[in-house]
Amino acid sequence: NFTENGKMQGEILITYDLLGSPRSSTVTVPIDVFNRNSMRWTDFAALSSFISPNSPEVLDLSKYLVGIARDKLRTGLNRNLQFAAYLYEGLRAGGLTVSNDRTTPYTEYHLDPDRIDYVQYPFQTLAYGSGDMDDIGLLLAGMFESVGIKAALIPLESDFILAFSLAISAEEAAAFFNSSESFMEMEGEVWIPLSMAVFREGFVNSWYNAMTQLAPVLSGEESAEVIILRDSWQIYQPSAITGKEAQFQKPVEDAVIRAAETAMLRYITVEFGPRIKALQERIRVEGGSTALYNDLGLLYIRAGMYREAKAEYRRSAGLGSVSAMVNLGNLFMLERNYKEALDWFGKALQVQPDSAPARAGYDKAKMELQD
């Protein structure tokens, strides 16, 4: 809670032996003490001490935004990615902005270990409604960690990158991305980087801008320090500093949903669009088949496009595909349309009486209808 620069009186006590006799000497020295927001960029990992996943101000906002996201989750998409989009866009919808600190600008101070920078705690960034690139990144990192998403910090020369883990492997990521150029891999997990320099441009622009900036690092041409918070907290423990001045106005739910869903649709268009078009073209050239219709339906499900998925599965079911019938039953179960679900599971059992997925779905749908 030391909020001002100042001086403290200290003592240097020297004990020694002189000709076999113990001696001591005391010297009084003034010690310069800097306020709690001060930091020298001698060890970038020290940034982690400004963040706590248990900060009440951070928790209050992140739980509110994730609560909104839970009602809109697409079951086919990565959960961490969707939560991150809602947390990011929730801050933007609430009016948070990046404002370059003219007194201690990040782009100058983090490059000079002899200069003392001013770094905001997340509760201060919320209270002020703005901050430098690193301040916004630290706030978002705390919010990610507060909901169980691993976060990392990557300070670059002209940008501050925040990355978050999708908690999946690169092999698993093939189901969610058009190419490996859309993500980075660390410690066997897929991570998505976000550029704080273009924070105002939204989640997707921030993501792809960060990938562009990190390209020389990922190719090995350049180097950058990566601070994974859960590792650096072993040395620089999370700060317990909090403040009553954090009065960030929670954004309106509808505004958060509009912004986050726009981001998710952009992601779906970029990452799923080319694969969907390729399958559609194969169907046009080769003609429809249960395999192609099912593959296209699966892509639509992963993209959260359930209406389109149903259309493809109906085409496949019309050709006798039991898998398509079961998938249709599962889709209607998600929508709590248990009567329609029971009908499709029943059709699957008529074609293949020993189908375990169809039997399990049929029994569950029947139980739901009875309740």
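In this predicted model, Tyr 88, Phe 144, Phe 164, Phe 177, Phe 183, Phe 199, Phe 203, Trp 207, Tyr 208, Tyr 267 and Phe 272 form one aromatic cluster. The count of aromatic pairs comes to 16. An open sheet of five strands is also present, with antiparallel pairing, and helices α2 and α7 pack on that sheet.

**Aromatic pairs**

- A pair of aromatic rings is described by the distance between the centres and the angle between the planes.
- Tyr 88 and Phe 203 form an edge-to-face pair, with 5.7 Å from centre to centre and 75° between the planes.
- Tyr 88 belongs to helix α2 (residues 79-93) and Phe 203 to helix α7 (residues 203-218), so this pair ties together parts that are 115 residues apart in sequence.
- Both Tyr 88 and Phe 203 are buried.
- The ring centres of Trp 207 and Tyr 267 lie 5.7 Å apart and the planes meet at 35°, so the pair is tilted.
- Trp 207 is in helix α7 and Tyr 267 in helix α9 (residues 253-286); the pair therefore ties together parts that are 60 residues apart in sequence.
- Trp 207 and Tyr 267 are both buried.

**Charges over rings**

- Arg 115 lies over the face of Tyr 109, at 4.1 Å from the ring centre.
- Lys 347 has its charged end over the ring of Trp 344, 4.2 Å from the centre of that ring.

**The sheet and its helices**

- The order of the strands in the open sheet is β9-β10-β8-β7-β11.
- Strands β9 (184-186) and β11 (227-228) are the edge strands, and each pairs on one side only.
- β9 pairs with strand β10 (residues 189-195) in the antiparallel sense over three bridges, and Met 186 stands opposite Glu 189 in β10.
- Helix α2 packs on the sheet and touches β8 and β10, its direction making about 140° with that of β8.
- Helix α7 likewise packs on the sheet, touching β7 (151-155), β8, β9 and β10, and its direction makes about 110° with that of β10.

**Residues with positive phi**

- Leu 19 is not a glycine, yet it has a positive phi of about 55°.
- Leu 19 is placed in the loop between β1 (6-18) and β2 (21-33), and it counts as exposed because its relative accessibility is 85%, with the limit for exposed set at over 50%.
- Ala 167, also a residue other than glycine, has a positive phi near 60°.
- The loop between β8 (160-165) and α6 (170-173) contains Ala 167.

Technical notes:
Residues are numbered from 1 along each chain as its sequence is written. This is a predicted model: local features need pLDDT of at least 70, side-chain atom pairs count only at pLDDT 80 or more; totals for chains, interfaces and linings use all residues. Side-chain values use heavy atoms; hydrogens and water are left out. Rings of Phe, Tyr and Trp (its six-membered ring) pair if their centres lie within 6.5 Å; planes under 30 degrees apart count as stacked, over 60 as edge-to-face and the rest as tilted. Helices (H or I, at least four residues) and strands (E, at least two) are DSSP runs, numbered from the N terminus. Buried means under 20% relative accessible area, exposed over 50%, partly exposed in between (1.4 Å probe, protein chains only). A charge sits over a ring if NZ of Lys or CZ of Arg is within 6 Å of the ring centre and within 35 degrees of the ring normal. Two strands pair if DSSP finds at least two bridges between them. Contact means heavy atoms within 4.5 Å. Axes are lines fitted to C-alpha atoms, for helices over the stretch in contact, and angles run from 0 to 180 degrees between N-to-C directions.
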